[in-house]
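Hello,

Here is the model I promised to pass on to you. Please have it open while you read, as my notes follow below.

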Amino acid sequence: MTVYRSAPPPHDPAESTARLPPIKRRRRLRRRRVMTGALALTVLLLLATVILVSVYTDAGFSPDGTSPASTSNRKVPASVRDGGPVIDLTGGGKLQTYGMPARTIALTFDDGPDPRWTPKILDILAKHHAPATFFVVGSQVARHPGITERIAREGHELGGHTFTHPDLAELPEWRREMENSQTQLAIAHATGGATRLMRPPYSSFADALTDKDWQTVQAVGAQGYLTVLDTMDSEDWKRPGTDAIVRNVTPEGDDGQIVLLHDAGGDRSQTVAALDRLIPQLQKRGYKFSTVSAAIGGQVNPAAGDDAVWRGRALVWTVGVADVVLAVLWALLITAGGLIVIRTLILFAFAWRHSRHRRGPDWSWGLPVTSPVTIVVPAYNEEKTIGPAVRSLALSAHPGVEVLVVDDGSTDDTAAAARQLGLGNVRVVRIPNGGKANALNAGVALSRHDLIVMVDADTVVEPDAVHRLVQPFADPAVGAVAGNVKVGNRRGLIGKWQHIEYVIGFNLDRRLYDTFGCIPTIPGALGAFRRAALTDSGGLSTDTLAEDTDLTIAIHRAGWRVVYEESAKAWTEAPATARQLWRQRYRWSYGTMQAMWKHRAAVRDRGPSGRFGRRGLLFIALFSVLLPLLAPLVDLMAVYGLLFLDREVTAIGWLTMLVVQVLTAVLAFRLDREPLRPLWSLPLQQIVYRQVMYLVLLHSAVAAVTGRRLKWQTIHRTGDLSSAPVPGR
């Protein structure tokens, strides 16, 4: 694939840069590259931060009663084990415990607020005029501030239950502080109030405290909180039935109780039904209901400071943004998975049929095409590759081949290398440097024949490739033909990955596009055109960097058929280093986006242009832009799942996608009659190569958004076509 450096168009802002002295020009271009790279890096860092916030705030947890605890309690004071459920260590280490007054019930609800069950519980409490205390999870408060505000507005008390419901005994001190302080901020934002109450997750009765639990109680007290345990556990997290819940929390005597219930963490319909029975029953027995603080003579949710309200607002906003972004990522992941499955099914259904149809004994394009052909070879600084390329073209089996080498202002000996071949059917012309599209247009204008083949200067063709390539022109409706381009340097890992990509992503897809009549790109390495089709489409344009895609779309819109001839094979030198690969794919992806935008009006056209616009542009958008952009999410979310979700399910999902890719690869290699040996590197390609392509697309999108114009870059060529079985290289 020949890559050029072209002079910027007159309106290009880079033109002013070109007029600067060399040192200043390099500095300005370096600053632009740094700015674009920094913006792309910022986007990635923000995305990573958002995911980490979502991981932190969306951590799953089990109900309080299900966490196993140690049994050692030698460090727990006897006054705590035998004391009340409210433990106060806020007075400089002085220990006090409190219990509920006689015939006083403090209903407490953990793990909320929940958008479904908390409002139902509030309705029951309002119905029976029973205040309660809600020990809320801060991340849930951040997600449902309106429900939290209703809890406070209707006279109930709010207590902290940490921000993400971890086992505080297993956390370092800084994390304990963060869990509780962030919960305070979320409450402050939602209600304007604060709380002095805290219930550690996975706690229960005072006499069940272990040594680790006691350390947590001490740490919580040092932070200024009262630790609130319970005296009666409804065990509603087991969902034992309404009768069992009512039975579990019905006092036998007249002692006051702190009752543990849940308003989140699953189906709480039994809890709602039990409350509707329990509260009136206890009221008839003379019990009154109270919040915890009111029962022990404390202040219920004192006002929070303005700074806490503002910091809480920032925290809630961050959680909200993280939730939205993660939801979008999951939606995009589902979209990517759906596109992969749809693409695979379509490929298997149509590409296989396309190949069998073309290889059938009765298949023919029509009468043999023997018309003379001009082969245009644009070249810029291709001294190392021009010789083998031109020799393979000049010795083509097709009769009447003229090879026209257009030297686009090379600064090396490209033109001399072509002339030194001494081949009679080779012409060499030199023009001022103007870019690849300009060189090709010049070659078309100087061509002597109506059938024109375009081949890059780093590409060699099989002896019968040109003859096979022009056979579709037996059909007068065909205006352009795409050849089958293969990677000629496959010895390195990068070469193998590109070989796999060419066979799967280019040639297999091209069969699919051919079936639907919407091939989006005639590859610059090997393509054939009628002169009339080039004229009708306006020739090659300098408007975009993907001049081959731009031209192909224009030919479609002009009403010509574009087809694929798989038997016409050419071998090209792919980039051999990661840096060169990045630069090439950056240009390709950026140019494809430009071409799509340039021809966007086709979706509203009638006739051939409209048919291609509504079909071809959709295929390009879905399978050439959107799918490559989204495919890395399969790996990204797989890592997320392995770290934070069900590992077995995540592994099965990722391996399923890999199996789909392997099956697609095997189909593509079989259809192209390629050996399967390179596919051993496919899993690694999916993990590494796909991420690079994602970054390239992201970089291109950022460059497009920032308005940066990309110029043609010179790619270093080695002349390595060792995998190409072409004699006379």
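**Charges over rings**

Arg103 lies over the face of Tyr287, 5.6 Å from the ring centre. In the same way, Arg600 lies over the face of Trp597, at 3.9 Å from the ring centre. A charge sits over a ring here if NZ of Lys or CZ of Arg is within 6 Å of the ring centre and within 35 degrees of the ring normal.

Before I go on, please note that this is a predicted model: local features need pLDDT of at least 70, side-chain atom pairs count only at pLDDT 80 or more, and totals for chains, interfaces and linings use all residues. Residues are numbered from 1 along each chain as its sequence is written, and side-chain values use heavy atoms, with hydrogens and water left out.

**Overall picture**

The protein has 24 helices and 18 strands; these are DSSP runs numbered from the N terminus, with helices being H or I of at least four residues and strands E of at least two. Of its 729 residues, 54% count as buried. Buried means under 20% relative accessible area, exposed over 50%, and partly exposed in between, with a 1.4 Å probe and protein chains only. Among contacts in the protein with a separation of 6 or more, 82% come from residues 24 or more positions apart; a contact means heavy atoms within 4.5 Å.

**Aromatic pairs**

There are four aromatic pairs in the structure. Trp363 and Trp365 form one that is edge-to-face, 4.9 Å centre to centre with 75° between the planes. Rings of Phe, Tyr and Trp (its six-membered ring) pair if their centres lie within 6.5 Å; planes under 30 degrees apart count as stacked, over 60 as edge-to-face and the rest as tilted. Trp363 is partly exposed at 29% relative accessible area, whereas Trp365, at 14%, counts as buried.

Phe516 and Phe619 make a tilted pair, with 5.3 Å between centres and 40° between the planes. This pair links distant parts of the chain: Phe516 belongs to helix α17 (residues 493-516) and Phe619 to helix α21 (residues 607-630), 103 residues apart. Phe516 is partly exposed, at 23%, while Phe619 is buried, at 12%. Ring pairs also join Tyr513 with Phe516 and Phe619 in a cluster.

Helix α17 holds Trp497 as well, and Trp497 is buried at 8% relative accessibility. Leaving out residues up to four places away in sequence, Trp497 touches Ser681, Leu684, Gln685, Val688 and Tyr689. Of these, Gln685 is 188 residues away in sequence, yet the C-alpha atoms of Trp497 and Gln685 are 6.2 Å apart.

All eight residues of strand β12 (residues 401-408) are buried. Val401, Val403, Val405 and Asp407 point one way, and Glu402, Leu404, Val406 and Asp408 the other. β12 pairs with β11 in the parallel sense over seven bridges, and Ala379 stands opposite Asp407. Two strands pair if DSSP finds at least two bridges between them.

Strand β11 (residues 373-379) also pairs with β14 in the parallel sense, over four bridges, with Val373 opposite Leu451. Both faces of β14 (residues 451-454) are covered: Leu451 and Val453 on one side, Ile452 and Met454 on the other, are all buried. β14 pairs in turn with strand β17 (residues 527-530), in the antiparallel sense over four bridges; there, Met454 has Gly527 as its bridge partner.

**Nonpolar cores**

The largest nonpolar core has 67 residues, and Val406, Met454, Phe529, Leu534 and Ile555 touch the most other members. Helix α12 (residues 306-358) gives the most to this core, with nine residues. A second, separate core of 43 residues includes Ala130, Leu261, Val272 and Val309. A nonpolar core is a set of buried Ala, Val, Leu, Ile, Met, Phe, Trp, Tyr and Cys residues joined through side-chain atoms within 4.5 Å.

Apart from neighbours within four places in sequence, Val406 is in contact with residues including Val376, Val377, Val429 and Ile431.

I hope this helps you find your way around, and do write back with any thoughts.

Best wishes
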